[in-house]
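Welcome, and thanks for taking a look at this one. Please keep the sequence and the model open side by side while you read.

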Amino acid sequence: MKEQLRILAQLQELDGKIQKLREEIAAVPEDILTLREVISQAERSLEEMREKQEGLAKERRHKERELSTKEDSLSKYQSQLYEVKTNKEYSAIMVEIDSLKQENSELEDETLGLMERGDELGGLIKKKEEELRVERERLTGEEEKNRERVVGLEENRRVVEREREELAKKVDGSLLSSYERILRGKGGLALVPVRDDACQGCFMELPPQTINEIMKGDKIIYCERCSRILYWEEKEE
Ligand SMILES: [Zn+2]
């Protein structure tokens, strides 16, 4: 039985490796998903910026049209100045002209302001687009790297699984199925050593009598609390 336990300990080591490889393989897409989330967030904010820029341009065109209409009115008033007969008429037109000039100068300022904000936003959009381009390239690179990594990890897993398969043949059938049942039920840990007089699966302290039996290794001893198989590690000198 001692020899069986020794093989089982090797088997547990391999099963641990396989589990770790499986976890690593599963974790790979998560890294990619994080990067994809970063990119789609950047895309959303870029879209918002473009919409804002479009809004600014629309507003500017609107003001420009208003300005051009008012400039037409202004030149109409200005030509009327030559045809007036009375001082009263003249003053009335001058009031209109002054007020239009004031309004037009405000419109010009507003148009200029909108243009400046549009340019500023355009610069930010360019910067963001460049950032996004870099992120997309990084994603492509990461995806490629991860594909290679997964291929490597899976190859590794197959090697360990083959090794495990060979080793499992050396274990007695009923012991193997009991080991595998515990392995599935106990998070991939079925066989645990005794250290500091305690089960290393659940850390319950074991009575000396049990420890003696485990040291002898004549039969399979299960932990009373976590049901894992207990074994005594031979200290290698
Ligand atoms: Zn235990």
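Predicted model: local features only at pLDDT ≥ 70, side-chain atom pairs only at ≥ 80, totals over all residues.

Residues are numbered from 1 along each chain as its sequence is written, and side-chain values use heavy atoms, with hydrogens and water left out.

**Overall form**

- The chain has 4 helices and 4 strands, where helices (H or I, at least four residues) and strands (E, at least two) are DSSP runs numbered from the N terminus.
- Following the sequence, these elements come in the pattern α-α-α-β-β-α-β-β.
- The radius of gyration is 40 Å, well over the 18 Å that the globule rule gives for 237 residues, so the chain is more spread out than a compact globule. This radius is taken over C-alpha atoms, and the rule is 2.2 Å times the number of residues to the power 0.38.
- Along its principal axes, the C-alpha trace spans about 130 × 35 × 35 Å.
- Domain 1 covers 25–169 and domain 2 covers 174–231, with bounds that come from an automatic or database domain assignment.
- The centres of domain 1 and domain 2, taken over C-alpha atoms, are separated by 64 Å.

**Exposure and contacts**

- Of the 237 residues in the chain, 32% are buried; buried means under 20% relative accessible area, exposed over 50%, and partly exposed in between (1.4 Å probe, protein chains only).
- Among contacts (heavy atoms within 4.5 Å) between residues at least 6 apart in sequence, 72% join residues at least 24 apart.

**Nonpolar cores**

- A nonpolar core here is a set of buried Ala, Val, Leu, Ile, Met, Phe, Trp, Tyr and Cys residues joined through side-chain atoms within 4.5 Å.
- The largest such core has 26 residues, and the members that touch the most others are Leu8, Leu11, Val171, Tyr179, Leu191 and Ile229.
- At least two residues of this core come from each of helix H1 (2–80), helix H2 (87–168), helix H3 (173–185) and strand E4 (229–231).
- H1 gives the largest share of this core, with 10 residues.
- This core lies between domain 1 (25–169) and domain 2 (174–231), because both give residues to it.
- Leaving aside residues up to four places away in sequence, Ile229 touches a set of residues including Leu5, Leu8, Leu175, Tyr179 and Leu191.
- There is also a second, separate core of 12 residues, with Ile32, Ile39, Ala42 and Leu139 among them.

**Helix H4**

- Which residues of helix H4 (residues 208–216) are buried? They are Thr210, Ile211 and Ile214.
- Strand E1 (191–195), strand E3 (221–222) and E4 are what the buried residues of H4 pack against.
- On the face of H4 turned away from its buried side are the exposed residues Pro208, Gln209 and Lys216.
- Asn212 also lies in H4 and is partly exposed, with a relative accessible area of 41%.
- Asn212 and Leu74 are 138 residues apart in sequence and 110 Å apart in space, C-alpha to C-alpha.
- Gly217 follows H4 and has a positive phi, near 70°.

**Single residues to look up**

- Asp197 is not a glycine, yet its phi is positive, at about 60°. Asp197 sits in the loop between E1 and strand E2 (198–199) and counts as partly exposed at 40% relative accessibility.
- Ser227, another residue other than glycine, has a positive phi near 65°. Ser227 is in the loop between E3 and E4, and is partly exposed with a relative accessible area of 36%.
- Arg65 belongs to helix H1 and counts as exposed at 53% relative accessibility.
- From Arg65 to Gly152 the distance is 65 Å, C-alpha to C-alpha, and they are 87 residues apart in sequence.
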